[in-house]
Amino acid sequence: MNAGEWKEKLSAIRDSFSVSIAKKPADNPEALELRFLGRKGELALLLRDLKDIPLEERKPLGALGNTAKQEMEAKLAELKGAAPAAGPAAAPGLDLTLPGTPFPKGSLHPLTHVMNRLAEAFLKLGFTMSDGPLVEDDYHNFEALNFPPFHPARDMQDTFYVDAKDAAGKFMLLRTHTSPVQIRSMEKTEPPIRVFHTGRVFRSEAVDASHSFAFHQIEGLYVDKGVSMADLKWTADAFMKDLFGSGVKTRFNPSYFPFVEPGAEVDMSCVFCKTGAGRCPVCKGTGWLELMGAGMVHPNVLKGCKYDPEKWSGFAFGGGIERFAMLLYGISDMRMLYENDLRVLKQVQ
Ligand code: PHE
């Protein structure tokens, strides 16, 4: 290497140092120091090459090299001074006074909210919570509820059967309603009894705005001495008023369920149009919304649970929780409750 080549190389090194140091964000100063000034750094190696250059030319070159080295050292010291002590917390451009990234807060599902509200309404009326399995046997879902085998009332509840049999050799099924919890509660408890249950039920139904193959129901049962239809009417009315406000009215329509006699549908005055006048899409202009099934517990059901129907009488009522949720939150399509669209879920906190 001759003196000219050496000078060129030195200026190339200075150029690349200037480029590196001017970068934004700047390179790590320690790494730059190692690369240019370290024992095997670019400048150190170049200075070592001086020994090949004739003595008389070497001196001015050496001075040039030293100046370059001092400049680089000064620039690196400057960079280190400006650089943060350590760690990402103090990285350049990071403002520690800014608020943190908000973490989205979860909330209860609207159906869970409604179930809690229904449960509260029952608890206030002195009912206690009861439970039962989702996979039921034929006896608890149908027979004990006075649906004999092949009874046409079974057709009201299109049933999913499971590929497993119970002790009686009958196919198990996904419970079609929460009424089997009435039976399970009476089997476990001596009268009097006052229980409720909320939970999932299943029917082989096509999904549309008001049907699903899996949905939720509420169930209430009260058996005591001298319980009458008047108690049922008062309780159903108090229950509805608790949920929808004291302004709502209830009425009973005759209906049929094998496990109650007499049986009724419980209607509530329309919470949307209030009057029934006009063309309310919710009550279809009738002014009434059908909300629950109800009735006096059938003597056959009491007998099957070893409650003497001569001594005890009771009522039961139940209905779909989705329907309550839709009315309470103004949801027009039941599927919105299952799609987990946050725009819907966030409206119920
Ligand atoms: N289990 C009935 C149904 O699912 C509703 C009901 C409950 C009716 C309690 C009367 C008493 O249709």
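How far does a polar side-chain atom of Ser 179 lie from a nitrogen atom of the ligand? The distance is 2.9 Å.

This is a predicted model, in which local features need pLDDT of at least 70, side-chain atom pairs count only at pLDDT 80 or more, and totals for chains, interfaces and linings use all residues. Residues are numbered from 1 along each chain as its sequence is written, and side-chain values use heavy atoms, with hydrogens and water left out.

**Ligand**

There are 14 residues around the ligand, and those that come nearest are His 177, Ser 179, Arg 203, Gln 217 and Glu 219. A residue counts as near if one of its heavy atoms lies within 4 Å of the molecule. The table lists polar contacts, that is, pairs of N or O atoms within 3.5 Å.

| Residue (polar side-chain atom) | Ligand atom | Distance |
|---|---|---|
| His 177 | nitrogen | 3.0 Å |
| Ser 179 | nitrogen | 2.9 Å |
| Arg 203 | oxygen | 3.0 Å |

On its own the ligand has 330 Å² of accessible area, and the protein covers 91% of this. Accessible areas come from the Shrake-Rupley method with a 1.4 Å probe.

**Helix packing**

Helices (H or I, at least four residues) and strands (E, at least two) are DSSP runs, numbered from the N terminus. Axes are lines fitted to C-alpha atoms, for helices over the stretch in contact, and angles between N-to-C directions run from 0 to 180 degrees.

Helix α1 (residues 3–22) packs against helix α2 (residues 29–36) at an angle of about 175 degrees, and their axes are 11 Å apart. α1 is therefore roughly antiparallel to α2, a term for angles over 145 degrees. In contact, meaning heavy atoms within 4.5 Å, are Ile 13, Ser 16, Phe 17, Ser 20 and Ile 21 of α1 with Leu 32, Arg 35 and Phe 36 of α2.

With helix α4 (residues 55–82), α1 makes an angle of about 5 degrees, with the axes 11 Å apart. α1 is therefore roughly parallel to α4, a term for angles under 35 degrees. Residues of α1 that meet α4 include Trp 6, Leu 10, Ile 13, Phe 17 and Ile 21; among those they meet in α4 are Leu 61, Leu 64, Ala 68 and Met 72.

**Backbone**

Most residues other than glycine have a negative phi, and most peptide bonds are trans. The bond from Pro 191 to Pro 192 is cis, with omega near 0 degrees; Pro 192 sits in the loop between α7 (180–188) and β5 (193–202). Another cis bond runs from Glu 261 to Pro 262, with omega near -5 degrees, and Pro 262 belongs to strand β8 (residues 260–269). Lys 284, in the loop between β8 and β9 (288–297), has a positive phi near 55 degrees.

Technical notes:
Parallel < 35°, antiparallel > 145°, perpendicular 65-115°, else oblique. Polar contact = N/O pair within 3.5 Å; in protein donor to acceptor, adjacent residues only side chain to side chain.
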